[in-house]
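This report goes through some local features of one protein model. Please look at the sequence and structure below before reading on.

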Amino acid sequence: MIIGAHLSASKGYTHMLEEALSIGANTFQFFTRNPRGGKAKDIDENDIKTFLEKSKEVHFGTILAHAPYTLNCCSANPDTRRFALETFADDLKRMEYTPNMLYNFHPGSHVGQGAEVGVNLICETLNKVLFEDMTTTVLLETMAGKGSEVGRNFEELRAIIDGVELKDKMGVCLDTCHVHDGGYDIVNDLDSVLEEFDRVIGIDRLKALHINDSKNPLASHKDRHEKIGEGYIGTEAFERIVNHKYLKNLPMFLETPNELDGYAKEIALLKSLVK
């Protein structure tokens, strides 16, 4: 099982690795910079060298970098789109210091322009920032559908992938809270949801999971994460998720409302559900 949590990147990659190991994790997720935007910290090449050496020694899993929430490729504001383009390009350049990892982003909000316009703008950015010899796989995150979010269903994610020239660089991160809140019944009919994902997008595009319970019922379009087993998804559904043939070998990342000790308990719980 490849399981981790969202950790603070403030002290560097090696510190995140050590924190992950301390809570029983073998991977981690982190923000590439302040989640509300801003300049990223300078790359510490010695820290990354140590991280790569140690992660190899302990057979550490694939890590996932998360774009800041302010990255909105399909905003109606051209300055916001420019920020997204510059941030995206900078992040992908920096990702090459840790080759063959994952970079996840929220597709964005079209802010009244309509989903089709939003999809086209997202594709426009992706076609500018992706490059042929990059080793990073860029992941579209499944969204809950609140407000004018793009990515509220599998069809919208597929439309983005269809508009990307370097499709082999693209994948999807399935967020359990988001798809549940978006109306996909992963509690009572996980098989059908994943069959639909395979039919619309292709299961080979599914590269990672955000493992989160939900504070709200099915199809609420709210996006409020809850601790594992304490929300509307529930422990029994997570048992099916962590053992499903399409999901069990994917890296899984907790984004639940927890500190380190809480993540440690959830990781132990999820590991105990593995058959």
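## Aromatic pairs

The model holds ten aromatic pairs, where rings of Phe, Tyr and Trp (its six-membered ring) pair if their centres lie within 6.5 Å. Phe 31 and Tyr 69 make an edge-to-face pair (planes over 60 degrees apart; under 30 is stacked and the rest tilted), because their ring centres are 5.2 Å apart and their planes stand at 80°. This pair links distant parts of the chain, 38 residues apart: Phe 31 is in strand E2 (residues 27-31), and Tyr 69 is in the loop between strand E3 (64-66) and helix H3 (78-95). Helices (H or I, at least four residues) and strands (E, at least two) are DSSP runs, numbered from the N terminus.

Phe 31 is buried at 16% relative accessible area, while Tyr 69 is partly exposed at 38%. Buried means under 20%, exposed over 50% and partly exposed in between (1.4 Å probe, protein chains only). One aromatic cluster is formed by Tyr 13, Phe 28, Phe 30, Phe 51 and Phe 60.

## Positive phi angles

His 59 is not a glycine, yet has a positive phi of about 55°. His 59 sits in the loop between helix H2 (45-57) and E3 and is exposed, with 70% relative accessibility.

Asp 223 also has a positive phi, near 60°. Its loop runs between strand E8 (213-214) and strand E9 (225-226), and Asp 223 is buried at 18%.

## Basis of the model

This is a predicted model: local features need pLDDT of at least 70, side-chain atom pairs count only at pLDDT 80 or more, and totals for chains, interfaces and linings use all residues. Residues are numbered from 1 along each chain as its sequence is written, and side-chain values use heavy atoms, leaving out hydrogens and water.
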